[in-house]
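Opening the notebook on a new model today.

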Amino acid sequence: MQRTVQQEYATFLTPAGQSIMGAVLRGETTLAFDKCQVGSGLWDVSVNESEAETTYTVDVPEQLLSPIADGLFDIDTLTENSTGVTQATVNVPADFGPATINEAAWLLDDGTVYAITRYAALPVIPPQSGTSSEVSLRAFLNVGDVESVTLVVDSAINASREYVDESLKAFEAKLPKDASAELKGIVQLSNQIDSDNEFKAATPKAVKAVYDLLPLNKPKVLDSLPIFPEIINNDKKLLISLSVGKLTIAENQVIRFRGWRDINTDNLSNLSFTLDLAKTYHLRFDIDNELSLNDIESSDYNPDSLSESDRSFDTTYDNVLLAKISNGVVTTLINQSEPFSLTYDGLPNSADATPTGNDYVGSFELPLNWSRSPISDSVEIKGHLAANGTHSWNDLMVMTVLAMREDAIQSSIVFDKTYTLNRYECRLPVAHANGARDGSVQPTPRLQMFEKIVRVYGY
């Protein structure tokens, strides 16, 4: 999965972690952290530079790319850092080396990879080298509710004596005196919520007590979780009907935002719309508003007169594209929090012309109906061919048997060579001709005798 961030080295929740955190926020489970596994894998990272800022697009794996042998360690500490964020620490002893740590996975007690971190190269140098060094790994984990987090403690956890001594000396040297309103220092904690004392600090329990007294208040971290909306049913589509120019949304359906906030259609004020069957509309829901039916030709909704399938209309974190209604036909769209993907394994499923001799043309026509536009697609040839492998349409690759570009087809057959990739469908035209691009005759098996694997990728 790809993530765009402002820092090159960071910690990311895995899809499994995002799902579990949503359950934590709903009070359905708790988190029990156990182990940290280290690796030496190098992730793909691209730099995005603009006048305003520099960001990084990181290809985040769900597992370590290159786990290091015997690189599984107990997590030493979990420390609350801020609302919904916990700092995890693990000490990697020097005798683990020689090794270079570039990545780390943070595991729950059942082995689930909750989060994964990319580090700058961290060398672990063994004692026999003469200049040994141990490494202390830290990561800030987004856990939603810190009171639902525990650490599975192993009795064998022991930091090295050198690490403990050095840390203790550094701590004692920086230890502050008693605090005041003017100076930093040590303060006494208090659970009171009605005190005006300036020399005590409020505990999380006191803050939570005040928070619980505030109506309709949620931590800001929950409203900024990078989780796409999801329809809570088996097919991830909203149930909609159209009859005699009236569009009706079914009752008791749930749209989940940011992985935790559920909106039930029973609580919406309007579940029906009158429309012109000759027009094209988008049915949407905004987290801060109601359902809306939007005419694609409206200058308010579409001021730039974009194509109806333009990705600008895709579902976002807080605004859901639920359906397209065009010429009286309703196309409900899939809304899910996980990235979209589709794999088709087989022959072209649409023939544009009857085979003539060894010439054949056709296409893979795959319905999608995603609420977020696909990013790319690829075709892989199955079977023993002179030229095979995986090639992307967008790379404009040309092969003797599989020709995906109009000027590469040595065939008299006329057919629709239109390539389509949008939220509704993926259409890949393919052709097989009895001849190479240079005009020489090279008899080859017909296209329809060979299966292909077509993959479509989304976000």
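My entries follow in the order I looked things up.

**Ground rules.** I'm working with a predicted model, where local features need pLDDT of at least 70, side-chain atom pairs count only at pLDDT 80 or more, and totals for chains, interfaces and linings use all residues. Numbering runs from 1 along each chain as its sequence is written, and side-chain values use heavy atoms, with hydrogens and water left out.

**Helix α1.** I started with α1, residues 15-25; helices here are DSSP runs of H or I, at least four residues, and strands are runs of E, at least two, numbered from the N terminus. Which of its residues are buried? I call a residue buried under 20% relative accessible area, exposed over 50% and partly exposed in between, using a 1.4 Å probe on protein chains only. The list I got is Gly 17, Gln 18, Ile 20, Met 21, Gly 22, Ala 23 and Val 24. These buried residues pack against β1 (2-5), β2 (11-13), β3 (31-39), β9 (99-108), β10 (113-124) and β11 (135-142). Just past the helix, I noted Gly 27 with a positive phi of about 75°.

**Cysteines.** How many disulfides are there? I took a disulfide as a pair of cysteine sulfur atoms within 2.5 Å, and the count is 0. Cys 36 is buried, at 0% relative accessibility. Cys 426 also comes out at 0% and counts as buried.

**The sheet.** Next I traced an open, antiparallel sheet of 4 strands, ordered β22-β21-β23-β24; strands pair if DSSP finds at least two bridges between them. β22 (291-295) and β24 (329-332) are at the edges with a single partner strand each, so one side of each has no neighbour in the sheet. From one strand to the next the twist averages 25°, with axes as lines fitted to C-alpha atoms and angles from 0 to 180 degrees between N-to-C directions. β23 (residues 319-326) pairs antiparallel with β24 over 4 bridges, and Lys 324 has Thr 331 in β24 as its bridge partner.

**Ser 337.** Last stop was the loop between β24 and β25 (341-346), where Ser 337 is located. Is Ser 337 buried or exposed? Ser 337 is buried, at 17% relative accessible area. Its side chain makes a polar contact with the side chain of Glu 230 at 3.1 Å, and another with that of Glu 338 at 3.5 Å. A polar contact is a pair of N or O atoms within 3.5 Å; within protein, one must be able to donate a hydrogen and the other to accept it, and residues adjacent in sequence count only if both atoms are side-chain atoms. Leaving aside neighbours within four places in sequence, Ser 337 is in contact (heavy atoms within 4.5 Å) with Ile 227, Phe 228, Pro 229, Glu 230 and Arg 372.
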